[in-house]
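Open the model in your viewer and keep the selection panel at hand. We will go from one selection to the next.

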Amino acid sequence: MPFQVVELSLDADDKVTDRKAIPYPYPQRLDAVETIEKLITRLQKAHYEAERDCWSAIAKDGKTRVKFLIEGV
């Protein structure tokens, strides 16, 4: 099963304000994980949330919170 990376932008109340899927299917989950790890290196306070199986960070504007997750397609 292929996987896709999804980026969610969140407001101060953790409500999703924007959802972007990278339009490239990854053949293996590990490929998607590596893509997320590259993306979050440019962001502040980036970390992995094991209990939710997603990555969180602060966007370049210093205000917007973002989450990256992996979905099967």
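The tour below starts with strands and ends with cores.

This is a predicted model, where local features need pLDDT of at least 70, side-chain atom pairs count only at pLDDT 80 or more, and totals for chains, interfaces and linings use all residues. Residues are numbered from 1 along each chain as its sequence is written, and side-chain values use heavy atoms, without hydrogens and water.

Select residues 3–10 and 65–72. These are strands S1 and S5, paired antiparallel over 8 bridges. Strands are DSSP runs of E, at least two residues, and helices are runs of H or I, at least four, numbered from the N terminus. Pairing takes at least two DSSP bridges between two strands. Zoom to Leu8: its bridge partner in S5 is Lys67.

S4 pairs with S5 in the antiparallel sense over 4 bridges. Trp55 stands opposite Phe68. The two strands form a hairpin with 6 residues between them, and Gly62 in the turn has a positive phi of about 80°.

Now pick the core residues Val5, Ala32, Ile36, Trp55, Val66, Phe68 and Ile70. They have the most contacts inside the largest nonpolar core, which has 14 residues. Such a core is a set of buried Ala, Val, Leu, Ile, Met, Phe, Trp, Tyr and Cys residues joined through side-chain atoms within 4.5 Å; buried means under 20% relative accessible area (1.4 Å probe, protein chains only). S1, helix H1 (29–40), S4 and S5 each supply at least two of its residues. H1 gives the largest share, 4 residues.

Finally, select Val6, Leu8, Leu10 and Cys54. They are among the 5 residues of a second, separate core.

Note on methods: Buried means under 20% relative accessible area, exposed over 50%, partly exposed in between (1.4 Å probe, protein chains only).
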